[in-house]
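Let's take a quick tour of a protein model. Keep the structure open while you read.

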Amino acid sequence: MPEPIALKINDVAVSVPPGSMVAAAVLQAGVVSFRRSVTGEARGPLCGMGICFECRVTVNGVAHVRSCQTLCENGMDVRTDE
C-alpha cells in the first residue's frame, strides 16, 4: 500500500492518500471556508473542476491556486483565508 502524503493546512498536520486533491485535504482538516469574497463572504469549492475559482488557496506561498485541480504533495503548506 502506498505511503500517505503529509502536508499542513493552516499549520494543522494532515495525512491523505496519494492522488488526493488539495481541496479534499482542506476539507479533511475541517476547514470549510477556503477564501473570502470581496464582500467578506466565506467561499468554498463549488464546481470541483476548476471553472468557478471558488476553491482558491495559497500553496507554498503561491496565491490563487485552484485546490480542486492541485494534487497533494509531501511537505506542502496550504493556507486558506479562514
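This is a predicted model: local features need pLDDT of at least 70, side-chain atom pairs count only at pLDDT 80 or more; totals for chains, interfaces and linings use all residues.

Residues are numbered from 1 along each chain as its sequence is written, and side-chain values use heavy atoms, leaving out hydrogens and water.

**Cysteines**
- Searching the whole structure turns up zero disulfides (pairs of cysteine sulfur atoms within 2.5 Å).
- The closest cysteine sulfur to that of C47 belongs to C52, and at 3.7 Å it's too far for a bond.
- C47 is partly exposed at 30% relative accessible area, and C52 is partly exposed too, at 25% (buried is under 20%, exposed over 50%, partly exposed in between, using a 1.4 Å probe and protein chains only).

**The core**
- The largest nonpolar core has 19 residues, and L7, I9 and V78 have the most contacts inside it (such a core is a set of buried Ala, Val, Leu, Ile, Met, Phe, Trp, Tyr and Cys residues joined through side-chain atoms within 4.5 Å).
- β1 (5-9), β2 (12-16), α1 (22-28) and β5 (56-59) each give two or more residues to this core (helices, H or I, have at least four residues and strands, E, at least two; both are DSSP runs numbered from the N terminus).
- The largest share, four residues, comes from α1.

**A loop residue**
- S67 sits in the loop between β6 (62-66) and β7 (77-79).
- S67 is buried, with a relative accessible area of 0%.
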